[in-house]
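Look over the chain before reading on.

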Amino acid sequence: MSDETLESVLSEQRIFPVPDSFAGRARISGMEQYREMVRRAEADYEGFWAEQARAELDWETPFSEVLDESRPPFYRWFADGRLNVSYNCLDRHIEAGAGDRPAIRWEGEPGDTRTLTYRELRDEAARLGNALKSYGVAKGDRVVIYMPMVPEAVVAMQACARIGATHSVVFGGFSAEALKDRIEDAEAKVVISADGGIRGGKTIDLKANVDRALGEGCPTVERVVVLQRAENPIDWVAGRDIWLREIMAEESADCPPEPVEAEHPLYILYTSGSTGKPKGVVHSSAGYLLGAIVSMKWVFDIRPEEDVFWCTADVGWVTGHTYIAYGPTAVGATQVMYEGAPTVPQPDRLWAIAERTGTTVFYTAPTAIRALMKQGEEWPAKHDLSALRLLGTVGEPINPEAWMWYYRVIGGERCPIVDTWWQTETVAHMIAPLPGATPLKPGSCTLPLPGIQADVVDEQGDSVPPGSGEGGLLVVRRPWPFMLRTVWGNEQRFIDTYWSYFPDQYLYLSEDQASRDDDGYFWILGRMDDVINVSGHRLGTMEIESALVSHPEVAEAAVVGRPDDVKGTAVYAFVILRAGREGYDLDELRRHLREHVTGEIGSFAKPEEIRFAEGLPKTRSGKIMRRLLRSIACGEEITQDTSTLEDEEVVRQLQGRA
């Protein structure tokens, strides 16, 4: 990647030191403590992770072997140890006297609320675990969970972990066909779902999707457990369907946790690409939970007795697994769960909930930040957000100007922002600031966590020196405890997808591009396939989007490439203006924005076309579906599955204005 490509990203010079008041109480305070942890991990890699595993996890059978590298890339950690994940998340806090501490403070979109203490959450997980066992679910069986954002989703995950079943959560926005593919691949024995979910004032008919999926196949499914949530009309299959609350009411809360091997599959989570069968990413029990715990402590600096933690993700994505179902419970924290859309009934819904619950640590996606930024500062200004002490971002790189809005308007210029890089495959933070130690640069995820050997390499696998002005591929050089173990039922696909790019080197390929500045800070430039080659210049879409969003009139932007006979690829930008900016001469604004991008990056990055839009096609987790935008930019018929979209009307609007 050329010097010009990185110029706009690496020209970010604003540095925000750690506030003394934060560093004074932080678990990891100051860069010297961070560097000492890094030195310890480099000097004795296995010893470092063994120390963390012994300190953070309660073992039924302690491990004696740390890392088994005998069959790369199928690495095994703590393999002769045994433990139970649900015990580590629930029982041990009750035994320590925290049984009456709130575990989940939940709010539904209509305004209904519910609080579960650690004892109540344990008892519900135990009752559901006993019910599943009564229907023949045993250790190693797979259970698919297809639910809205309600506490019972966490109960179901914990119940599976308690009895040693392997769960596979399917995002509630997926279609019946997508659900069917995942059920069949996992060969699930039971599906746990709900009559419906509530989102954006609408009822999502989950049970109907389950019925359609099972009607077209899925011969392994014996039971469908149904939560009554939305009270929408549903069809009932006698002998197969059972009400969740009815079977739980019949069961005892005495369900001893089943000890499992450290490498026992805790869950399968399917990642979907634009082509091909979904990949069932498999995660272990012990290594996974260790990653959830250390990242909660190191990156979120969590204080279970004081903090109220809120991750706004859906449990259907990996963020909801690690930072809703398992991470907060494993450290004994109180967390907030919210079922609905962030702008219902008004654009201040999230800030109202944060104020009501006294949220102290808030974690959301850059797309959500930009969307709320578009609504204007008056909405968060209505609420007292002084309890907040730490902010976080997840899912994609955050534009520097969105970072600054988040820092200034939501955090009151007092809250550090942890910009976290990680993936479904890594399951926990890999590169992120430690808020009591790391000076911050808007737009950079900063430095790897201790014990994570991340690097930026060229096409041959050689390190690209920090400060060189060159980008490369983001890799991890050594196995880590909470890495994916395989692709369910397809070892060759696991090898081909993640380990074949650099033959014989066993570098984990993230498929992200990155660069490092003079301080060694990592800057994520986008996916390998999010690169636009314009007249020989390789441009990351993220840097053009950042340039557009830095214009004072722009709230959000998405950039894709469109084939061009002269340039090879032309830059095509979709732009959303900030609230209250109506009445512009749009042709004049297009000219200004092209000039602005030219000034920020160079004339080669100037968008060929800029389309002003009211919204962008996003999943409910907040990710922009750029493949749909590429189809719209090219004037192609959309054939991709759009069932995960937050609002399908956005696509129709964009097509109508093509």
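Q: How many helices and strands does the chain have?
A: The model is predicted, not determined by experiment. Its secondary structure comes to 21 helices and 30 strands.

Q: What is the radius of gyration of the chain, and why does the chain count as compact as a globular protein of its length?
A: The globule rule gives 26 Å for 658 residues. The value for the chain is close to that, so the chain is as compact as a globular protein of that length. Its radius of gyration is 24 Å.

Q: Is aspartate 512 buried or exposed?
A: Aspartate 512 sits in strand 24, residues 508-516. Its relative accessible area is 8%. The cut-off for buried is under 20%. Therefore aspartate 512 is buried.

Q: Which side chain makes a polar contact with the side chain of aspartate 512?
A: Beyond its neighbours within four places in sequence, aspartate 512 is in contact with residues including Gln423, Leu473 and Arg527. Trp421 is also in that list. The polar contact, at 2.7 Å, is with the side chain of tryptophan 421.

Q: Where does the peptide bond from proline 72 to proline 73 lie, and what is its omega?
A: Proline 73 is in the loop between strand 1 and strand 2. The bond from proline 72 to proline 73 is cis. Most peptide bonds are trans. Omega here is near 5°.

Q: Which residue is joined to proline 345 by a cis peptide bond?
A: Proline 345 lies in the loop between strand 17 and helix 13. Omega of the cis bond is about 0°. The residue is valine 344.

Q: Is tyrosine 506 buried or partly exposed?
A: Tyrosine 506 is in the loop between helix 17 and strand 24. Its phi is positive, about 50°, although it is not a glycine. At 33% relative accessibility, tyrosine 506 counts as partly exposed.

Key
Residues numbered from 1 in each chain as written. Predicted model: local features only at pLDDT ≥ 70, side-chain atom pairs only at ≥ 80, totals over all residues. Heavy atoms only, no water. Helix = DSSP H or I, 4+ residues; strand = E, 2+ residues; numbered from the N terminus. Rg over C-alpha atoms; globule rule 2.2 N^0.38 Å. Buried < 20%, exposed > 50% of the residue type's maximum accessible area, 1.4 Å probe, protein only. Polar contact = N/O pair within 3.5 Å; in protein donor to acceptor, adjacent residues only side chain to side chain. Contact = heavy atoms within 4.5 Å.
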